[in-house]
Amino acid sequence: MAKKKSSNTKPLWAGRLSEKPEEEAFLFQASINVDKRLVFDDIAGSKAHVTMLGRQGIIPKDSASKIAKELDAMCSDLKEGKLKIDEKHEDIHSFLEFVLTERLGDTGKMVHAGRSRNDQVAVAFRLYLKRAIPLLQTELASLVNVLLDIAEANVNSIMPGYTHLQRAQPVTLAHHLCAWACGLQRDHSRLADTLKRLDECPLGSGALAGTSLPLDRKLTAATLKFARLSINSMDGVADRDFALELSSAIAITMTHLSRFCEDVVIWASEEFKFIELSESWSTGSSIMPQKKNPDFAELIRGKSGRSAGNLVALFTLLKGLPYAYNKDLQEDKEALFDSIDTLSACLRMFKGMIQSADFNLKRMKSACIGGFLEATDTAEYLVRKGVPFRAAHEIAASLVRECIDKGLKSISGLDIAELRKNSKLFEEDIYKAITPLACVRARDLPGGPAPKEVKRQIKQLRRKI
């Protein structure tokens, strides 16, 4: 079988080797199809580096100025479409250096002094994430505010709360949506923590041991607006904790979205009918004409598995790697970029879906009758009259059993004489105390579903986000 020709592109590392990989092998180890999104971050890193080289006298100042000017021109050409990324190159770093050298000749070859692709990749990766994370935070904040807007309009909209998917106690739609918003607010906070920890500049770490050239690492870090320098040159190129941490934060956010979507799928069912999704956020069936499927919610729920898988992939990638750099680390970006793109899309999709949905408030309220959601409040009524909780719990349970035997849907279906057979402490006011609305209003402790308290939660969440 004839060998495929080698790529015509000369890799940056080709000086040591007399032979290049065959084309298929070269493409196998190339990463430009993934890391090309780092193009502007790599240009920014190169410009800061070469400007520092000129100031330090490592290369002539006029050469540094020419290179910086040409990097700016390349950046403009890429944005205007005058320069196209050639994916025949090994990676985006090789492509940019090739173009620079092609345009400036030997002057362009000075750009890499005191630098390895190891720290070059690490700085471009961090710069990209410093741009990407705030965009995710913005999308998260936008979704939270949509949820809070809906909540604000529904602080008095009664619905059942569930545990074990069984009706448990009355809450409000606003209280439920605030619960969702709390999870997303923590996700927003996790992204902020991740951003804080990744905000250090590894440029100047070289391959792993720095360089003997008199680099000014503080200058490049300041130019690139990093908060600080990486402490250790080996760690500077080996560290991918920031990728793990961001992947984890995304996987947690996607898990939240998945759980919310599970609520939506259940609520949209014929059995519940709590929510009516817009037709533009639903799909039909290829065989059943009547179907209106919550496919967007189901897809978001399904895509959460991708983000969890990407996190596991990164953990598996890193767990056996010796310090410092290894080619395995090339595989860090595809998984993380996929997670970033997936979360970004899912946040937008969920926002559009929930913003356009109609909530069946009448159905939600009626679902609070039946299932004995007032049983806990019945017990607490007795507790307020001095009955120990375990005894009050048993009395309420006995009343529930009695109602079931009589075919009643609520404890309020029993007359006062029947109630007093179980406890002499029951008075007529019990009937007002165990209506769904009264149950909700009574729970006005911080975090509870009482309308006044939920309004406070909404304000607090808006401040946090």
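Are Arg240 and Asp332 buried or exposed? In this predicted model, Arg240 is buried, and Asp332 is buried as well. Their side chains meet in a salt bridge with an N to O distance of 2.6 Å. The pair links distant parts of the chain, 92 residues apart: Arg240 belongs to the loop between helix H9 (233–238) and helix H10 (241–267), whereas Asp332 lies in helix H12 (residues 332–355).

Asp106 pairs with Lys109, with the closest N and O atoms 3.5 Å apart. Asp106 has a relative accessible area of 58% and is therefore exposed, the threshold being over 50%. Lys109, with a relative accessible area of 52%, is likewise exposed. In helix H15 (residues 389–406), Lys406 and Glu402 are four residues apart, about one turn of the helix. These two residues form a salt bridge in which the closest N and O atoms are 3.3 Å apart. Glu402 counts as buried because its relative accessibility of 18% falls under the 20% limit. Lys406, at 44% relative accessibility, counts as partly exposed. Salt bridges that share partners also join Glu90, Asp91, Arg117 and Lys327 into one network.

Helix H4 (residues 61–80) was considered next. At 1.5 Å a residue, the 20 residues of H4 should span 28 Å, and this expectation agrees with the 29 Å that separates the end C-alpha atoms of the helix. The buried residues of H4 are Ser63, Ala64, Ile67, Ala68, Glu70, Leu71, Met74, Cys75, Asp77 and Leu78. Helix H3 (39–55) and helix H5 (92–104) are included in what covers these buried residues. H4 is followed by Gly81, which has a positive phi near 85°.

One cavity of 30 Å³ or more is present in the structure. The largest cavity has a volume of about 50 Å³. Its lining consists of Asp42, Ser46, Leu71, His93, Leu96, Glu97, Leu100, Val111, Arg115 and Gln120. H3 and H5 are the elements that give two or more residues to the lining of the largest cavity, and H5 gives the most, with four residues.

The largest pocket has a volume of about 610 Å³. A total of 25 residues line the largest pocket, and of these His176, Ala179, Trp180, Arg259 and Asp263 lie nearest its centre. At least two residues of the pocket lining are supplied by each of strand E1 (158–163), strand E2 (166–172), helix H7 (173–198) and H10.

Two individual residues were then considered. Lys130 is located in helix H6 (residues 117–152). With a relative accessible area of 19%, Lys130 is buried, since the limit for that class is under 20%. The side chain of Lys130 makes a polar contact of 2.8 Å with the side chain of Asp199. When neighbours within four places in sequence are left aside, Lys130 is in contact with Leu195, Leu198, Asp199, Leu224, Lys225 and Phe226. Side chains of opposite charge can pair when their charged atoms come close.

Thr220 is situated in helix H8 (residues 217–223). Its relative accessible area is 2%, so Thr220 is buried. The side chain of Thr220 reaches the backbone oxygen of Arg217 at a distance of 2.9 Å. Apart from neighbours within four places in sequence, Thr220 is in contact with Ala48, His49, Met52 and Leu203.

Terms used:
Residues numbered from 1 in each chain as written. Predicted model: local features only at pLDDT ≥ 70, side-chain atom pairs only at ≥ 80, totals over all residues. Heavy atoms only, no water. Buried < 20%, exposed > 50% of the residue type's maximum accessible area, 1.4 Å probe, protein only. Polar contact = N/O pair within 3.5 Å; in protein donor to acceptor, adjacent residues only side chain to side chain. Contact = heavy atoms within 4.5 Å. Expected span 1.5 Å × (residues − 1). Salt bridge = Lys/Arg side-chain N within 4 Å of Asp/Glu carboxyl O. 1 Å grid on protein atoms, 1.4 Å probe; cavity = no way out; pocket = protein on both sides within 12 Å on 5 of 7 lines; lining within 4 Å. Points joined across faces, edges and corners; volume = space filled by probe spheres on them.
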